[in-house]
Amino acid sequence: MSQILVSMDGITKQFPGVLALDQCRFELRAGEVHALVGENGAGKSTMMKILTGVYTKDAGRIVYKGKEVEIAHTKAAQNLGIGIIHQELQLMPDLTIAQNIFIGREPRTKFPLFLDDNELNGRTQALFEQMNLKLDPRTLVSELTVAKQQMVEIAKALSFKSEVLIMDEPTAALTNAEIDELFRMITQLREQGVGIVYISHRMEELKRITDRITVMRDGCYVDTVRTDEATIDAIISMMVGRQIYSTSKPSIDGSGQQTKVLEVQRLSRGNAVKDVSFHLNKGEIVGFAGLMGAGRTEVARAIFGADPIDSGEILVNGKSVSIKGPNDAVRCGIGYLSEDRKQFGLLVDMDVKTNISIASYRSFRNPFGWMKQAKMERNAEAHVASLKIKTPNVDQKVKFLSGGNQQKVVIGKWLTRDCQILMIDEPTRGIDVGAKSEIYKLLDELVQQGKSIIMISSELPEILRMSHRIIVMCEGRITGELSSAEATQEAIMKFATMRVEEEAK
Ligand SMILES: Nc1ncnc2c1ncn2[C@@H]1O[C@H](COP(=O)(O)OP(=O)(O)OP(=O)(O)O)[C@@H](O)[C@H]1O
Ligand SMILES: [Mg+2]
């Protein structure tokens, strides 16, 4: 057995109103990939934030390479060689990649007042070569996709020569090819003796990449098992301790009359959306599949009025509508649950109640313009209960909720708005298996009530399980459409990689 790098024991952490960790423990050896799993709000991120000095523990011991240590701030963790890639990416959008990686420790010229940009970019380049990454160190982070930003975060953590590397849901926003790349990197690091903590809600990844799995539930330690000795079902039942809702494939009644609630005709926007036409029926879930960057989010944003379109027509209930901005879309009964909850979905400094009410503030305003606090509160409480949002009360600021619970707040917000057409973008990203099934159940209920849903998802099993019809995109175009009966992972992937050659102009 290899050396024990980290051992945490009796770790307790109390936040106002929440006992996030209750005498929890965790152990990491050199050269192992150790998964930390548990439902949303179980305390995984908090445990790792304590190890990296983001939070201080109320009680417990941390032993690092045989010595008890106090990790009072993030710098202390870095000095020990403990690096973390946080669940919510933390790069500065207005700086370049290289500036982000070396922020606070930029190389200087022989005149110490001046930064040495060549050295900065050169070191970054060297790091990228080691990682086999093709990125220009001078690119602004704001120009990168979420996936690329993730890679930059990894490069940054590696630049500290970390012996312990913590990855908090690293694959949530990655494509399959990028995940393979990440796993290759993880394997390489493991061989060098780095200990890796791997937090993920994607059960199938655990088998592929991890050596051991520690399960947490409600802030408590449950068990640590060897991956090759555990089944995924056993892990899930340790995590949730209850039965999970499972749907059968949906079947829409093909005999009845189908009413088109939404028709999109020849929608185009620059290179991102090219000549996209499709329709959505009442009571239907249409899944949008495709690789990252295929243009699915761009289509949703264009329909929602978040981005201006170059050409095309949108019809709601058979009538042509002009959508110039999100307000117009909401007025037409269209809601959009964005993939990036931090940027578009949530006001993280506001409380749960306000976030849930904000898209429908009109219905909470009395004739004098005041907000009906009690009504807002009742509504928020109902959603907190039905979505099982883990929060001490509806007055908690959203930034204090765990990642998955923040996602549920966004869903609650659009449910409150009562939209006829709901576009949901990666609705279960970062959501635990139990909560995922709750969300599937909710979507099923919504369509049974006659609502219509466009679901964008990169998880093929989810698309296959939930959609009545599947539209596949590649490079801004629709390359195929499949009924739920004919859809398979292979058929979807075939369309998702089908490039349409540009016609000669
Ligand atoms: N700064 C904070 N202030 C108050 N409560 C917090 C704070 N950080 C976390 N919590 C609470 O502590 C609990 C554990 O949260 P944590 O983020 O560790 O969960 P997690 O297991 O990482 O969940 P997820 O899978 O959703 O990311 C949650 O109930 C959360 O709301
Ligand atoms: Mg977390």
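The side chains of glutamate 459 and arginine 202 meet in a salt bridge, with 3.7 Å from N to O, in what is a predicted model. One salt bridge is counted between domain 1 and domain 2, and the count of residue pairs in polar contact between these two domains, with both residues at pLDDT 80 or more, is likewise one.

- The size of an interface is often expressed as the accessible area that is lost when the parts come together.
- For domain 1 and domain 2, the area buried between them is about 950 Å², of which 60% lies on carbon and sulfur atoms.
- Of the area that domain 1 buries against domain 2, 36% is supplied by Asn40, Thr175 and His201, which is more than any other three residues supply.

- Four strands form an open sheet in the order 12-11-14-15, and their pairing is antiparallel.
- Strand 12 (273–281) and strand 15 (319–321) are the edge strands, each of them pairing on one side only, while the twist from one strand to the next averages 20°.
- Helix 9 (residues 296–304) packs on this sheet, where it touches strand 11, strand 12 and strand 14, and the direction of helix 9 makes about 70° with that of strand 12.
- Strand 11 (residues 260–269) and strand 14 (residues 311–316) are joined in the antiparallel sense over five bridges, and glutamate 263 has leucine 315 in strand 14 as its bridge partner.

**Strand pairing around strand 4**

- Strand 1 (residues 4–15) pairs with strand 4 (residues 59–64) in the antiparallel sense over five bridges, and methionine 8 stands opposite isoleucine 62 of strand 4.
- Strand 4 also pairs with strand 5 (residues 67–68), again in the antiparallel sense, over two bridges, and here the bridge partner of valine 63 is glutamate 68 in strand 5.
- In the hairpin made by strand 4 and strand 5, two residues stand between the strands, and lysine 65 takes a positive phi near 45°.

Notes. Residues numbered from 1 in each chain as written. Chains lettered and ligands numbered in written order. Heavy atoms only, no water. Pairing = 2+ DSSP bridges. Axes fitted to C-alpha atoms, helices over the stretch in contact; angles between N-to-C directions. Contact = heavy atoms within 4.5 Å. Buried area = accessible area lost by both parts, 1.4 Å probe. Salt bridge = Lys/Arg side-chain N within 4 Å of Asp/Glu carboxyl O. Polar contact = N/O pair within 3.5 Å; in protein donor to acceptor, adjacent residues only side chain to side chain.
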